[in-house]
Amino acid sequence: WGVWGLGAVFYLIGFYQRVAPAVMTAELMRDFDISAAALGNLSACYLYAYVAMQIPTGILADALGPRRLLAGGCLVAGLGTLLFGLGPGLLWAGLGRLLIGGSVAVAFVALLKLASHWFSPRRFALASGLALFWGVMGAVSAGVPLRLLVDAFGWRGVMLAAGLVTLALGGVIWLWVRDDPSQKGYRSLAAQFTRDATPRPSPLAGLRRIFAYRNTWLLFCAPSGQAGPILAFAGLWGVPYLQARYGLSQAEGAAVCSAMMIAWALGGPIMGALSDRLGRRKPLYLAGGIGSCLGWAALLYLPGLGPLAFLILGVGVGFATGSMILGFAFAKESVPAPRAGTSAGVINMGVMLGPTILQPAIGALLDLLWEGGLAGGVRVYSPRSYDLAFGLMLAWSLVSCLLL
């Protein structure tokens, strides 16, 4: 747990970085003099690099091992965070976000690879769910706590501190983490996954091999319709939307988004443990997908929904979205065991396609629907504009259910 836990801390930092712009929208738009579409692209720079790195990361996890990936990822993420915090203009800030996204992309796949060596197979879905839990805790720390820190020290100061912490974590991971228990004198559990007398295919051949399975394609596409809406909403556009719809403060809006993320974090390990106990993946996965789709429809378009009801329903949506974690165990069990890391990278790439496309797409629609409102030199969008733009989230959620 200590070896796995250090990787989980890096994944927590990655999630923190993923949603941090959500509580700094006004500061970023003002400091860089940008519109909603530009802000969506700045935030999504992280996601562009994250998605692009998923399949290479899966191949590297199988070839090089998680220790090197985690330590190197911390180094690049720390430098990228420093660049983002010090960047004098949008170009430098965007480059920093690209470095952060590309480097933290290794965290989840490396965690799954560690789990396949350090835990027995019957614990794999639980370990996957706990990984999501710690990741989302990072998102929660980028809610109200980050908003308070930004108010006290400014967003640049907070980012600089985060960069230094990430660099220090990389050093600790290099000293402590090992790819396999045998490297610390313990019995290895990897044989249960990877013992095979036949030669391993090359990485590219292995990638082609896993895509020969129908489940891989479906499980690659489906989770983007679950992770996409919650990360587009709670990860960027939820706070200004709640300000426009209910008149909440930034801190109050961040608290609502954090509650949704906490529910998502809890849903992952609970669904994982229940799935392990039942020995089934699809029924829980599909039930969660349908629940989150119906929940988004009610959240966005149910007339007369008050802020308390929105909070309660939003927590339900977050919990149902936790079922997406089952896709990793489902995919691992759908391909040959030696390709577990590659499979995880492919599925995680599919997960992140949703927010990668939705965050800037929603921003572009908001700019098209902008009615001319300004507050402190920053564009303000009406609830009606958000309702129309968020239709993209609901449509993608429905597609996810159909794929499942």
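**Entry 1: terms and model.** I take helices (H or I, at least four residues) and strands (E, at least two) as DSSP runs, numbered from the N terminus. By that reading, I find Ser-258 in helix H14. I note that this is a predicted model, in which local features need pLDDT of at least 70 and side-chain atom pairs count only at pLDDT 80 or more, while totals for chains, interfaces and linings use all residues. Residues are numbered from 1 along each chain as its sequence is written, and side-chain values use heavy atoms, with hydrogens and water left out.

**Entry 2: Ser-258.** I looked up its exposure, where buried means under 20% relative accessible area, exposed over 50%, and partly exposed in between (1.4 Å probe, protein chains only). Ser-258 has a relative accessible area of 7%, so I list Ser-258 as buried. For contact I use heavy atoms within 4.5 Å. Leaving out residues up to four places away in sequence, Ser-258 touches Val-140, Gly-143 and Val-144.

**Entry 3: helix H8.** Which residues of H8 are buried? I find Leu-146, Arg-147 and Val-150. They cover an arc of only 100° around the axis, which puts them on the same side of H8; the arc is that of the directions from the helix axis to the C-beta atoms. These buried residues pack against H1, H2, helix H7 (124-141), H9 and helix H14 (250-278). On the other side of H8, I note Leu-148, Asp-151, Ala-152 and Phe-153 as exposed. Just after H8, Gly-154 takes a positive phi of about 85°.

**Entry 4: Leu-148.** This residue is found in helix H8. I list Leu-148 as exposed because its relative accessible area is 52%. I also checked Leu-148 against Ala-251: the two are 103 residues apart along the chain, and their C-alpha atoms are separated by 7.8 Å.

**Entry 5: helix H20.** The 13 residues of H20 should span 18 Å, and the end C-alpha atoms are 19 Å apart, which agrees. Met-393, Ser-397, Ser-400 and Cys-401 are buried in H20. Seen down the axis, the buried residues of H20 fall within an arc of 100°, so they line one face of the helix.

**Entry 6: how I count pockets.** On a 1 Å grid over the protein atoms alone, a pocket is an open set of points where a 1.4 Å probe fits, with protein on both sides within 12 Å along at least five of seven lines; lining residues have an atom within 4 Å of a point. A volume is the space filled by probe spheres set on the points.

**Entry 7: the largest pocket.** I read about 250 Å³ of space in the largest pocket. It is lined by 15 residues, and the closest to its centre are Pro-240, Gln-243, Val-378, Arg-379 and Val-380. Helix H2 (25-32), helix H13 (224-246) and strand E2 (378-380) each supply at least two residues of this lining. H13 gives the most, with 4 residues. Counting Ala, Val, Leu, Ile, Met, Phe, Trp, Tyr, Cys and Pro as nonpolar, Asp, Glu, Lys and Arg as charged, and the others, Gly among them, as polar, I get 11 nonpolar, 3 polar and 1 charged.

**Entry 8: the second largest pocket.** About 190 Å³ of space lies in the second largest pocket. The lining includes Leu-12, Tyr-16, Leu-146 and Val-165. Helix H1 (2-19), helix H8 (144-153) and helix H9 (155-176) give two or more residues to this lining. H9 gives the most, with 5 residues.

Methods
Expected span 1.5 Å × (residues − 1).
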